[in-house]
Every structure is written in C-alpha cells, then in structure tokens.
There are 2 protein chains.
Amino acid sequence: MLEKIRVVLVNTSHPGNIGGAARAMKNMGLKSLVLVDPEKYPHPDANSRAAGADDVLDNARVVSTLEEALGGCSVVLGTSARDRRIPWPLVDPREAADLCLQTWQADHDAEIALVFGREYAGLTNAELQRCQYHIHIPSDPEFSSLNLATAVQVLAYEVRMTWLKETQQPTHMPEVEATGMLGAAPATHDSLELFYEHLQETLVEIDFLDPEKPRHLMARLRRIYGRSQLKKSEVNILRGILTETQKAARGEVIQRRGEHV
Amino acid sequence: MLEKIRVVLVNTSHPGNIGGAARAMKNMGLKSLVLVDPEKYPHPDANSRAAGADDVLDNARVVSTLEEALGGCSVVLGTSARDRRIPWPLVDPREAADLCLQTWQADHDAEIALVFGREYAGLTNAELQRCQYHIHIPSDPEFSSLNLATAVQVLAYEVRMTWLKETQQPTHMPEVEATGMLGAAPATHDSLELFYEHLQETLVEIDFLDPEKPRHLMARLRRIYGRSQLKKSEVNILRGILTETQKAARGEVIQRRGEHV
C-alpha cells in the first residue's frame, strides 16, 4: 500500500520544507514525491533538511500543474487548515489513513495522492475541489497552522501505523523486545515463592513485619512484585539484597567493619 | 490533561529544532517546555522556527540536568530510537498517549514528562533508565531517525487525539461542518422523486433508456444519487442540467444556434 501513496506538495516556498517532507516520508516508508511548481528547487536547503533522504528528492517529479501531479490517481485527499464555506467530506488523519487502506483493499493498483498546500495560504478552493476528501489535522484552533514538513510527518505516520496494524506488524521495535527476552526468562513460580519466603524472613529480622500482626503486608508486597512480572535474573538480584540485609541485621557487616577500625 | 504534560528536550544542538518543537507543541495545545543544557539558547533560529509560538519559548525553563527537568513528575516517558539490550517497557506513540490519559485519570494533579534526546545520539542509557517507559515511533528500520521537531509533533498529535476523543470533542473542525449545513438543507423525498421522474424522462428522450428494456438502470442511478445524500440546492442544479439536456435533445438549442448563423 505504501508504494501507492504519492505526496504532492503544491507551490512550496521554502526548499527546506521539501527536504523535511522527504525525510518524514522516508522515515515512514513513503517514496513517491511530486512537486507542483516549487518556488526554489533543486536547492541545497532541501538536501540539507532531507538528512539522508536524498533518494526521495532525486526521484521526485517536478510538474507545473496540480492536474499533472494527480494523473492516474483514484483517490485524492487534500489537507485543509482554513474554515471553508463549501461543505466537503472532512476526515482527520487517522480516518484519512483508513481511506488509503480501504482504497488499497478494493484495488491494489489504485494510486492515492495526499496533497499539501502552500506554507502560508494552503490550497486554493479550486485545488481543494479537485480532492474527494479534505483532511484536517485537529490542531488548537487558536494556533492551527502546522509546519509543512511536520504536517507531512503526521499523515505519513498515520498511514504507516494503519499499514503496520493491517499487516499485523508490531508498532514497537520487535528486535529489541526479542533481544531483551534473551537471557531474561521469567521467574518460575517456585523461585518466586522462595523469594517471598526470604523476603518475609528478612522483614521479620529487621523488625518491619510483626508475625503477630502481619496486617496483610506480604499480600501487598506480592501484588507489587506480581505486577512487575519478575525475570529469573531479577529475582536473583532481589534475593542478593535480602541476603545482605540479613547480614546487616545480624550485625555481621558491623562486626566486619569493627575489625577494620 | 494537556497542561500536565511537559516536553523535555535534552542537550539539543540546533536552536531551530527547539523553535520547531515549540510550534508543534502549541499547535497541539501543549505549553510546558523544559530545555536541559541546550547548546545554543536563546537564539534567533529558535524564534524564527517557532513561527508565533514565542510564548512557549518565553515560558520555557532552562535547567542543567535531566533530574531537575523531571522534578515533580509521576510518569516519565522517553523516546528511544536505538536498538537496546536492556529490556524495558516499550510503547508506540498511541500507547504513550494512552498512558498519559490513564495517569491523568488516576490523579488529575500528576505531572507527566515526554523526554526527547539529542539530534544525533538520542538519550543515553543512563537517561533512558530514568524513564518508566520508552516510546518508539515505528519508523522504517532502514531510515529510522526522525527530525526532533517532527518527533515532538507526532507525540503531541497523539496526545491531543487521545484527549479530544476522551473529552468527546470532534477531531474535525466542527464549525466548518456546521457552516456547511446552513443553507444546505437535505432534499425532500418528494423533490427527489420528481428529480428521478425528470431523469427517467430525459434518459428516454436522449435514447439512453429504452422503456421496453429498462435493465434496472433507474435502480442503479437511484443507488448512486442515494449514496450522495443530495441537498435541495443540488437537486435544483441537477434538474437544471436535465432541462437543458431535454432542450438540446428537442433541437431547441440547435435551432437557436441556427438562427444566429
């Protein structure tokens, strides 16, 4: 689906924003960029802000009209910031991403365009009328105008989130979680019970727990540790702490210190 | 909830990114910015990229350590781009926004921090260990490093979306939809039936519809127009087109043209 989505930037003033948009696209796996009548392009500011997404810039198509940019598209969604008088199907970025998915599901070859207007003036009414849907990023009405590259980022992010969920790919980094679990086997029930016994014994020794009036203390502690789903290695650490606590309580550390004085 | 969320930028190199982050925050209704040991700040590039979010910059706190920045926070979420060996609770931006909401629901006074690292190196392991949760923006693993301000934008956007949904505020512009409906009353059933009669009559006249073999054509057309939920004014436009079509079919236009030749 991602390769069917083209990002169309109309009459962009600042080449830095073109580079920022290219970077945001590549971050989210989008590749197809079309520039309609950019004010300054190519320009070193675009490459500098692209920060490595030069391939997206190199493959960008530069055209002179929106009509050319939209050639072959089945669905066109245009971002709209301003209050408009003409009623039009209006979606938020998540709904826009969902429309992209629905389009792709209905026809894997359908081309989709996400259209972004000028930095200060957005899209004209004539341009907006070429879009089947208007996308509004739900910004604070008191300060609603997003930077162009960050607006591209929000849409590209929603498209990617929708795609990852649709294809049941994790939205976290899978490698990290997998790596994290290596050598981090969960503690067994038996070893947890030995830990709780050890904990209770220690709490009695340090006079924190009165066996005559236990006041549900152990249950509370079990709840705390239960929630944290301890790993084997973590139980070993906690039991090490308990052992040292017991030594201290029994005066062993203090005695040893005494020997060194 | 939004006023309880502070954005913490650690050791930022480019003041332009601080301004871009301030703008993204203000766009989404966040106000509290904390800068930990920024390389260059204050700086005109910050104000220029803030594009009107100068109040966020003016109220930003500059501190020298992450510890100071996190004072009073109940929940700390840190963005993490790099593959890490230490397993840690890892969430995507939507889950992070949900954690913010849960925290606020449990205690309306709880302070929450979203922490963003250096442009090139992110947060150090020591800094990440001060965070209860790590946030990963699910970027393309081949090109995963987002611009700092756009990363702030994605998180601020998710927080705002979660907040709007929780408080049952629309994620589209409500004014536009309301304005759009004024003077755009839906067509009545009667006027729709008159339109369909007119349409059928016209289609017969132009020899598109054979009354002997209608082939469900009118049913198909009813489905098309039914889906578009026509307004009164739109029915008038369509009937105007039909009237002109009938005139053309009857040769009236051609006759009139003939008179002018």
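Which strands of chain A does helix α7 (residues 148-166) lie across, and at about what angle does it run to β6(A)? In this predicted model, helix α7 of chain A lies across β1, β4 (73-79), β6 (111-116) and β7 (133-135) of chain A. The helix runs at about 150° to β6(A).

The strands of chain A form an open sheet in the order β3-β2-β1-β6-β4-β7-β5, and their pairing is parallel. In general, the strands of a sheet pair through backbone hydrogen bonds, in either a parallel or an antiparallel sense. For β3(A), pairing with strand β2 (residues 32-36) of chain A is parallel and extends over three bridges. Within β3(A), R61(A) is the residue opposite V34(A). A further helix, α1 (residues 15-27) of chain A, lies across β1 (5-10) and β2 of chain A and runs at about 165° to β1(A).

Of the 261 residues of chain A, 34% count as buried. Among contacts in chain A with a separation of 6 or more, 82% are between residues 24 or more positions apart.

In chain B, seven strands form an open sheet with parallel pairing, in the order β3-β2-β1-β6-β4-β7-β5. Here β3 (61-63) and β5 (90-91) of chain B stand at the edges with a single partner strand each, so that one side of each lacks a neighbour in the sheet. Strand β2 (residues 32-36) of chain B pairs with β3(B) in the parallel sense over three bridges, and V63(B) in β3(B) is the bridge partner of V36(B). Helix α7 (residues 148-166) of chain B packs on the sheet, where it touches β1, β4 (73-79), β6 (111-116) and β7 (133-135) of chain B. Its direction makes about 150° with that of β6(B). Helix α1 (residues 15-27) of chain B lies across β1 (5-10) and β2 of chain B, at about 165° to β1(B).

The largest nonpolar core comprises 106 residues. The residues with the most contacts inside this core are V8, M25 and V152 of chain A together with V8, M25 and V152 of chain B. Leaving aside neighbours within four places in sequence, V8(B) is in contact with V34(B), V36(B), A69(B), A113(B), L114(B), V115(B) and F116(B).

Key
Residues numbered from 1 in each chain as written. Chains lettered and ligands numbered in written order. Predicted model: local features only at pLDDT ≥ 70, side-chain atom pairs only at ≥ 80, totals over all residues. Pairing = 2+ DSSP bridges. Helix = DSSP H or I, 4+ residues; strand = E, 2+ residues; numbered from the N terminus. Contact = placed C-beta atoms within 7 Å. Axes fitted to C-alpha atoms, helices over the stretch in contact; angles between N-to-C directions. Core = buried A, V, L, I, M, F, W, Y, C linked by C-beta atoms within 7 Å. Buried ≥ 20, exposed ≤ 12 C-beta atoms within 10 Å, placed from the backbone.
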